[in-house]
Amino acid sequence: MKSRRYIAGKLKTTFTISLIFICVLIVYLISMFHYWQGELQPRLRQAAATQADIISQSQMGLLANALQTVETDKRQRAVQQVIKEILLVTDPSIGEPLISGLALEVDYDTVQASADSLNINEGILSCEGCFISEVAVMAGTGELLAIATFNVTEAYYRLLSSDIKSKLINQLIITLALFFSVWVGMMILVSRLDKLKQNIEISDRAKTRFLANVSHELRTPLNAILGYTQLFNQDKTLMNSHGRGIETIHRSADHLLLLINDILDFSKVDSKGIQLCPSEVILADFLKTLVEMTEVRATIKDIGFVYEFADKLPEVVMVDDKRLRQILLNLLNNAVKFTRQGQVTFTVEVLAENSQQDSDSVLLRFAVKDTGIGIADDKLADIFVPYQQIDNQITRAEGSGLGLTISKNLVELMGQTLNVQSQSEVGSQFWFDLPLPVSKHATPLLNKNHNACEHITGFEGPSKTILSIDDNHFNRDVIRQYLTRYGFDVIEASGGEEGLQLLKQNQPDLVLLDVLMPDMDGYTVVEAIRSEAKYEQLPVIALTAATQPYMEEKALSCGFNAVLAKPLEQQLLLAALKKALNLDWVVAKTSTIEDEETDDEPMQLPDEALIATLKEHAEKHNILAIRTVLKELEADGRYQQFHDLVAPLASHYQFVKLVEALKGVTKA
Amino acid sequence: MVKALHIFCLWLILAMSFSVAADSFTDRRTSVGIKLFRSMLVSNTAYLDKVTPSGELHIKLIYTQNARKAHTLASSLGADLKVLQGKPVVLEVVSLNEFLNSKTPILGAFIVQKMNGANLKAMIDKSILGQTLLFSPFEGDVEKGVFGGISVESKVRPFINMTTLKKSKITMKAFYLRVSKKHESST
């Protein structure tokens with residue numbers, strides 16, 4: 001079927017090109033015919049007529065002499081003799097007489113002779129295509145003696161015509177040969193391009209498949225890593241002893257996930273796979289989050305961060321906050337990353353407001369300015385090229401090189417343009433304008449309590465059994481640990497077949513089902529579940545590490561109730577469970593780990609001598625000595641809080657800040 | 001500086017060459033025109049109206065500045081035109097004003113130098129009024145209303161303004177008209 005469609009497409013292309021060429025050929029031939037008929041032939045005829053005039057006029061002298069013969073009796077003979085001579089004149093190139101006939105009309109007022117005695121008609125006086133030339137025969141004194149009408153043959157015209165025609169035909173043949181060569185060349189070129197296009201399409205499909213597989217393969221282990229770190233993060237004892245290591249693993253895995261997401265986002269935007277999902281967003285909260293995130297980074301780098309938001313900013317706007325956050329965070333992170341000293345300025349201006357009866361809208365300008373390393377003019381065009389980074393010490397070995405490309409593509413997806421102005425060693429400014437609908441009666445849900453899950457201890461009502469089907473042991477383990485702590489009974493299956501058996505044996509309340517499994521994929525499993533009437537209402541939630549936009553749609557149409565992406569976010573999992581099982585959470589009034597730490601007894605400080613030593617090392621920028629002291633403090637355990645306060649500053653080489661922090665601690 | 005001088009010299013030479021070429025072309029037309037003027041005079045069938053009381057036929061060569069050229073042409077024309085249709089011919093070289101103020105009947109007048117628009121118009125009006133056969137060898141004058149001139153194409157022919165012919169009531173031999181090129185538009 002596909003092959004038939006391909007052949008039909010190819011034939012259509014071939015036919016179209018051939019049709020164009022045939023049309024051009026017909027137009028060319030018609031125009032050549034018109035040129036011959038309308039221009040060249042009349043011009044040749046004109047040339048032949050001129051030639052006939054010249055030939056005729058050249059004979060005038062002979063006739064004038066004959067007509068002026070003094071003896072009347074000899075005059076007629078002389079005239080006849082001259083006419084015969086004229087009719088004999090032959091052009092060697094033509095091989096036939098030039099003049100086929102001659103008629104002489106004499107003015108008997110000036111020539112003394114009896115009437116009509118000298119009016120002589122000789123030869124052929126009328127023939128088709130011949131040229132008639134009337135010439136005045138004048139005496140030397142200027143008197144008009146006679147009018148001679150020459151009938152000049154068209155032999156010269158025929159010769160000229162056939163000569164030009166043969167040249168024209170030769171040129172036509174050469175042109176047609178060139179034309180056909182171009183035609184054939186074009187067909188070959190189109191055929192090759194078509195083949196190339198086909199190969200590119202195959203390669204593109206393979207790339208997409210590869211990306212999907214890589215995405216799945218990379219995200220699956222990350223699911224386990226991040227899952228465990230989230231679990232460990234809630235274990236106070238574990239965090240006290242191995243908190244730093246767990247945080248490092250979490251941050252590293254998170255960074256890895258960010259890189260993978262960057263690559264996937266790029267491939268999605270590139271293949272028009274991203275759909276914007278605007279929702280009501282509290283602009284002030286949205287911007288506050290961005291400011292807080294950037295402030296932390298700027299403080300660590302010891303650079304200034306200034307934000308200037310217009311006073312008249314609308315309260316709630318309709319925007320895809322996830323994508324807008326992605327763009328702005330990318331710009332802000334880049335600005336911080338590439339600024340060694342000075343400051344980063346984040347501004348949001350109102351450029352225009354449009355108030356209508358039904359809806360208001362506002363045109364906002366988002367701008368991020370830095371005093372960083374800047375970009376040279378000749379490199380400015382390269383910054384949006386995928387996988388490309390301006391080569392310098394900062395960018396070398398950092399990031400995927402896709403951030404700006406993704407941001408630019410996302411801004412374009414919103415129908416706008418990402419602009420940049422930059423000067424090397426002075427700084428850069430990125431900005432874009434965004435028209436946003438303003439929501440008047442909104443009940444925004446942006447301000448989610450991200451720590452809510454930490455207070456949940458269980459749920460009300462009878463116990464619930466959850467069947468977790470996943471081929472990956474670590475993923476199953478993470479889910480089991482997540483769920484058991486909230487009071488769920490978890491049964492596990494490592495594949496589709498086993499899952500279906502356990503389903504029949506245990507009658508669970510909900511199924512968490514991995515989509516991609518080696519023996520039987522999630523779609524097949526859910527279809528098998530739904531095929532039995534008693535499981536029609538059983539909630540089945542899909543878990544997938546693949547991120548193609550069509551996956552969710554496909555999963556929902558196959559019978560899943562919801563789709564959760566791996567790595568699993570605890571909050572999203574709990575929300576999905578609450579919705580599917582109609583649960584009421586039991587929330588404990590306990591504080592978070594951080595709160596507990598804050599509420600604990602005051603921070604234990606090492607002795608003053610140790611603090612002074614640490615300060616001295618910091619002043620001398622002796623990082624090795626600082627690390628040794630910090631190791632000792634960490635090993636001691638009593639000074640964990642103090643260690644946690646100073647260690648990040650040391651790890652980021654913030655020696656000035658470290659000295660100030662130590663001074664502050666001493667004073668306290 | 002030297003380069004500029006070279007360019008100026010080149011321009012001067014080219015300008016002079018064009019001027020010489022143009023002059024020789026005009027001279028050739030004038031020379032051929034004299035011969036056709038003579039044939040045109042001979043073909044005038046109403047010549048008897050122009051015979052003066054003293055029995056002469058007056059022919060004028062008109063100039064504006066170059067009298068010498070007019071005299072040269074007059075001697076060339078006069079050599080073969082002492083008598084016309086049996087009447088003695090009086091050939092005179094006159095200035096434009098003299099021609100315009102002339103009272104005697106004039107059979108034909110030959111324009112020796114290119115005239116400007118106003119002068120040509122005055123001459124045309126005078127020639128129509130006096131039924132004088134006015135001839136100009138210069139290109140474009142016949143179209144402006146001069147009675148006769150020359151047509152140079154594949155062959156050299158007399159060129160006659162038929163409107164002026166009708167207005168001036170001059171009659172020409174049918175033979176002559178047959179071999180002439182005719183201009184029909186009004187003056």
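Okay, let's start with a sheet in chain A: five strands, an open sheet, in the order β16-β15-β17-β18-β19, with parallel pairing. Before I go on, please keep in mind that this is a predicted model. Back to the sheet. Which strands sit at its edges? Those are β16, residues 489-493, and β19, residues 562-565, and each of them pairs on one side only. Going from one strand to the next, the twist averages 20 degrees.

If you want to look at one pairing in there, take β17, residues 510-514, and β18, residues 540-544, of chain A. These run parallel and share 4 bridges. Find L513(A), and opposite it, in β18(A), you'll see A542(A).

Now the helices on that sheet. Helix α12 of chain A, residues 496-506, packs on it and touches β15 (465-469), β16 and β17. The direction of α12 makes about 145 degrees with that of β16(A). Then there's helix α15 of chain A, residues 570-581, which lies across β15, β17, β18 and β19. Against β17(A), helix α15 runs at about 135 degrees.

Let's move to another sheet in chain A. Here we have four strands, again an open sheet, in the order β4-β3-β6-β5, and the pairing is antiparallel. β4 and β5 (131-138) of chain A each have a single partner strand, so one side of each is left without a neighbour in the sheet. The twist for this sheet averages 15 degrees from one strand to the next.

Zooming in, β3(A) and β4(A) pair antiparallel over 3 bridges. What stands opposite G101(A) in β4(A)? It's another glycine, G123(A).

Helix α3 of chain A, residues 72-88, lies across β3, β4 and β6, and its angle to β3(A) is about 155 degrees.

β11, residues 360-370, and β13, residues 427-438, pair antiparallel over 11 bridges. As a landmark there, K369(A) stands opposite Q429(A) in β13(A). β13(A) also pairs with β12, residues 419-423, again antiparallel, with 5 bridges joining them. In that pairing, N419(A) has W431(A) as its bridge partner. β12(A) and β13(A) make a hairpin with 3 residues between them, and in the turn you'll find E425(A) with a positive phi of about 65 degrees.

Okay, on to where the chains meet. On the chain B side, 13 residues are in contact, and they touch 23 residues of chain A. How much area is buried between chain B and chain A? About 1600 Å², with carbon and sulfur atoms giving 58% of that. Of the area that chain B buries against chain A, 39% is supplied by K155(B), F175(B) and R178(B), more than any other three residues.

What about charges? Searching the whole structure turns up 25 salt bridges over all chains, and 4 salt bridges are counted between chain B and chain A. One pair to look at is R178(B) with E134(A), a salt bridge whose closest N and O atoms are 2.9 Å apart. There's also a salt bridge from K173(B) to D107(A), where the closest N and O atoms are 2.9 Å apart. Where do the two ends of that one sit? K173(B) is in the loop between α6 (162-168) and α7 of chain B, while D107(A) is in the loop between β3 (99-106) and β4 (121-123) of chain A.

For polar contacts across the interface of chain B and chain A, the rule finds 5 residue pairs, both partners at pLDDT 80 or more. As for which parts of chain B do the touching, α1 (2-42) and α7 (174-179) each supply at least two residues of the side that touches chain A. The largest share, 5 residues, comes from α1(B). And by type, the residues on that side of chain B divide into 6 nonpolar, 2 polar and 5 charged.

That's my tour. Happy to turn the model around on screen if anyone wants to find one of these spots.

Conventions:
Residues are numbered from 1 along each chain as its sequence is written. Chains are lettered from A and ligands numbered from 1 in the order in which they are written. This is a predicted model: local features need pLDDT of at least 70, side-chain atom pairs count only at pLDDT 80 or more; totals for chains, interfaces and linings use all residues. Side-chain values use heavy atoms; hydrogens and water are left out. Two strands pair if DSSP finds at least two bridges between them. Axes are lines fitted to C-alpha atoms, for helices over the stretch in contact, and angles run from 0 to 180 degrees between N-to-C directions. Contact means heavy atoms within 4.5 Å. Buried area is the accessible area (1.4 Å probe) that two parts lose on being put together, summed over both. A salt bridge is a side-chain nitrogen of Lys or Arg within 4 Å of a carboxyl oxygen of Asp or Glu. A polar contact is a pair of N or O atoms within 3.5 Å; within protein, one must be able to donate a hydrogen and the other to accept it, and residues adjacent in sequence count only if both atoms are side-chain atoms. Ala, Val, Leu, Ile, Met, Phe, Trp, Tyr, Cys and Pro count as nonpolar, Asp, Glu, Lys and Arg as charged, and the others, Gly among them, as polar.
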